[in-house]
Every structure is written in structure tokens, then in C-alpha cells.
Amino acid sequence: MPHTEKIFLKSKAYLESKLDIPFGSIPFFVLLNKTRGGALRLYDLPWHHDQYVRSNNQGEYEVIEAKSGKIFSLQSLDYLNVKLKTGDLFVFNGQTIWHSLERVRSKTNRVTLGGFIHKKIQTKLDSGIKI
């Protein structure tokens with residue numbers, strides 16, 4: 001399903017208190033195994049706070065701007081398909097870029113490692129390892 005991380009992680013308080021993720025963090029992921037399908041699709045549509053996604057009668061996804069009533073058919077937008085190889089790291093602003101994943105067409109599960117990058121640098125080392 002097309003989305004942005006802002007749709008799922010809507011508030012600064014939720015990000016910082018519940019998930020310990022600083023607001024403004026940028027998501028990343030690493031592909032750990034290759035599967036058929038599963039390409040990442042980035043749509044040429046900037047995110048706005050009043051947008052939401054719905055499926056129309058033909059089963060196609062649309063982004064709706066609640067305030068203006070504009071409807072954007074994702075099938076008609078320009079997009080970029082990103083096909084990763086095993087071990088590739090991909091960083092993009094998933095909070096404000098509409099994106100989706102192509103269906104995986106393999107008998108094996110797709111395995112990725114994901115997280116968030118933020119400009120704040122931790123100043124203490126808790127690992128207990130002496131350097």
C-alpha cells in the first residue's frame with residue numbers, strides 16, 4: 001500500500017516518547033536477501049498533512065487532499081522504481097515521499113533491516129567496550 005512514514009508516525013510526541021525516534025529522522029533499509037519482485041517505487045508527489053490514501057472501485061490507489069478535494073491517481077504519476085541487490089543500503093526521505101513496494105513474487109520471504117537516521121549524535125557509549 002502506498003504510504004509515507006508520516007502517515008504511520010503522525011506526531012512528534014509519539015515518535016520521541018513511544019519509539020525513542022527523534023522527530024525528523026530519515027528511514028533507511030538494507031536488503032538482506034534477493035527475491036523476485038519487491039522493488040521500491042517512489043512517487044513524484046510531495047506529502048501534505050491533509051492527504052490520505054484510498055482504493056478506488058478499480059482497486060487502484062489514490063491520494064486524496066482533504067482540504068482541496070484533489071485526487072491523485074498513483075498509476076498516473078511519474079515514479080522511480082528502485083531495484084536493490086543483496087547488501088544494498090538505501091536512504092530516502094520516506095517521511096515526505098509517497099512510496100510503495102512491488103509485490104514479492106518468490107517462495108522465500110524478503111528480509112530487510114530498517115531503522116532511522118537522525119542528525120543528533122549520541123555522546124555516551126553504553127556498550128562497555130574499552131577502546
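Trainee: Where is Leu45 found?

Mentor: Leu45 lies in strand β2, a strand being a DSSP run of E with at least two residues, whereas a helix is a run of H or I with at least four, both numbered from the N terminus. This is a predicted model, in which local features need pLDDT of at least 70 and side-chain atom pairs count only at pLDDT 80 or more, while totals for chains, interfaces and linings use all residues. Residues are numbered from 1 along each chain as its sequence is written, and side-chain values use heavy atoms, with hydrogens and water left out.

Trainee: What makes Leu45 count as buried?

Mentor: Buried means under 20% relative accessible area, exposed means over 50%, and partly exposed is in between (1.4 Å probe, protein chains only). Leu45 has 7% relative accessibility and therefore counts as buried. Buried residues make up 33% of the 131 residues in the chain.

Trainee: Which residues is Leu45 in contact with, leaving aside its neighbours within four places in sequence?

Mentor: Contact means heavy atoms within 4.5 Å, and on that basis Leu45 is in contact with Gln51, Val63, Phe72, Leu77, Thr96 and Trp98. Leu45 and Val63 are 18 residues apart in sequence, and their C-alpha atoms are 9.2 Å apart in space.

Trainee: What is the strand order of the open sheet of three strands?

Mentor: The order is β3-β4-β5, with antiparallel pairing. Because β3 (51-55) and β5 (71-73) each have a single partner strand, they stand at the edges, and one side of each is left without a neighbour in the sheet.

Trainee: How many bridges join β3 to strand β4?

Mentor: Two strands pair if DSSP finds at least two bridges between them, and five bridges join β3 to β4 (residues 61-65), so the pair meets the definition.

Trainee: Which residues lie nearest the centre of the largest pocket?

Mentor: A pocket is an open set of points on a 1 Å grid over the protein atoms alone, where a 1.4 Å probe fits, with protein on both sides within 12 Å along at least five of seven lines, and lining residues have an atom within 4 Å of a point. The largest pocket is lined by 14 residues, of which Arg41, Tyr43, Ser100, Leu101 and Glu102 lie nearest its centre. Strands β2 (40-46), β6 (79-82) and β8 (97-101) each supply at least two residues of that lining.
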